[in-house]
Amino acid sequence: MVLGPGGSGVSVVAAAAALRGDVGLPAGVPVGADRGTVLMSLGSRSHLPERLGVLRLPGDPVPVTGHTDLLQLDPLAVVETAWGEFTAALTAVVGGKAPLPLVGTLTSVAPGELTVLPGAQEFLLLRQIREAATAGRWERVVVDLSGVGDPFELLRAPKVLSAALERLWPRHTRLAEAAEKPAVAQLSAAVEGIDRDCQDLIELFADPHGVAVHLVVDAGDRGRRALPDFVAVADLMGLPLRSVLVNAGIGDGADDALAQARALMREDPAVAVAPVPREAAVDRLARIRRIDVELPRPTGRPRGSQALTVAHVSGEGLDSVFELSWIQGLPDPDRLELGRSGDDLLVTVSGFRYPVRLPSVLRRCVVVSAQWRDGALVLRFRPDPAVWPVRPDTGGA
């Protein structure tokens, strides 16, 4: 996945990397129509088709070279198609009977109106990426995230939607109602399927074995200001950041930007820092192919909140103290906020809030302190006496 601040050249970098032929493919894998690369563009107004000299056919792979296809998605078309199918299924479930709470409201929303429902469009786009990644047709899927506004909002959508489903119709309630009312079973199964999709997408896009995230920033002052925030949010989400690419063709000060990126990465061997060579123009296929840029493959090493650790610091039983920590960028300490919602720790960094699922041992604990130490967010927990299991006193039986 290739992302970055708007105007940093994300689309061109993604296209140049996708066009590198068999670079990055395992030795011995033949390059061909079914074992090459697909470049996915999520912006309906993307200029990639024109720049690559191919037809604009949203939803259908278009060959660009012998080993690279372009698959452009139209977000509105994806949403309208999926929502039409879902509401048709809901209508079939309830039939002529009185609709269940919420069902009548959902079925009354026309596909063209769905953009007002938070998270729906992003969730459906992510499912399209997953389908391409699991189809078995391509060896590599290069995703250009420049056309989706805030890429982190897109990648957060499955967690947002899953939480919304749980609040609207809690899982234990819908399963109990499905067992008692056969008419509800199909609807419950449909909602359960959406929630499973959410969990699958959350795991997929944070999987360091199959996914690599590449951050593109320009070499100017704007890129240098945006870089710390983007790295901090990537840490918070546990995204498998694999490279930071400084686009020397946009803005002056590439050396300063590269030095800043290396300092932020703390010489992390899992994250490559490299410049994107300056090119006079990138308005057609031949010129894009001349850009020498490579996207390193996944390493299998988790980062950020996906690599959190828990340690038993001291005490026993209700006097125990546990410490939770992960490496976390924090460009503006005054904007760090912490909260709790059920089994999730709500963390806000640089104005971006994300729920981090607590390990099981800490779900029955309360936070007693938090600090940022040596580049890591460190929180201490104590057992909550109201829910912590206490071993019975066997001495006075």
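Which side chain meets that of Arg56 in a salt bridge? The partner is Glu50, at 2.8 Å from N to O. A salt bridge here is a side-chain nitrogen of Lys or Arg within 4 Å of a carboxyl oxygen of Asp or Glu.

The model is predicted, so local features need pLDDT of at least 70 and side-chain atom pairs count only at pLDDT 80 or more, while totals for chains, interfaces and linings use all residues. Residues are numbered from 1 along each chain as its sequence is written, and side-chain values use heavy atoms, leaving out hydrogens and water.

**Salt bridges**

By this rule, there are 20 salt bridges.

| Pair | Closest N to O |
|---|---|
| Glu323 and Arg373 | 3.5 Å |
| Arg357 and Asp344 | 2.5 Å |

Glu323 and Arg373 form a salt bridge. This pair links distant parts of the chain, 50 residues apart: Glu323 sits in strand β10 (residues 321–327) and Arg373 in strand β14 (residues 365–373). Strands are DSSP runs of E with at least two residues, helices are runs of H or I with at least four, and both are numbered from the N terminus.

Arg357 and Asp344 also form a salt bridge. Arg357 lies in strand β13 (residues 352–357), and Asp344 lies in strand β12 (residues 344–349), 13 residues apart.

How open are these side chains? Buried means under 20% relative accessible area, exposed means over 50%, and partly exposed is in between (1.4 Å probe, protein chains only). Glu323 is buried at 14%, whereas Arg373 is partly exposed at 33%. Asp344 is buried at 15%, and Arg357 is partly exposed at 45%. Arg56, at 32%, is partly exposed. Glu50, at 47%, is partly exposed too.

Salt bridges also link Arg127, Arg130, Asp197 and Asp200 in a network.

**Cavities**

A cavity is a set of points on a 1 Å grid, over the protein atoms alone, where a 1.4 Å probe fits but cannot get out; lining residues have an atom within 4 Å of a point. Three cavities reach 30 Å³ or more.

Conventions: On a 1 Å grid over the protein atoms alone, a cavity is a set of points where a 1.4 Å probe fits but cannot get out, and a pocket is an open set with protein on both sides within 12 Å along at least five of seven lines; lining residues have an atom within 4 Å of a point. Grid points are joined across faces, edges and corners, and a volume is the space filled by probe spheres set on the points.
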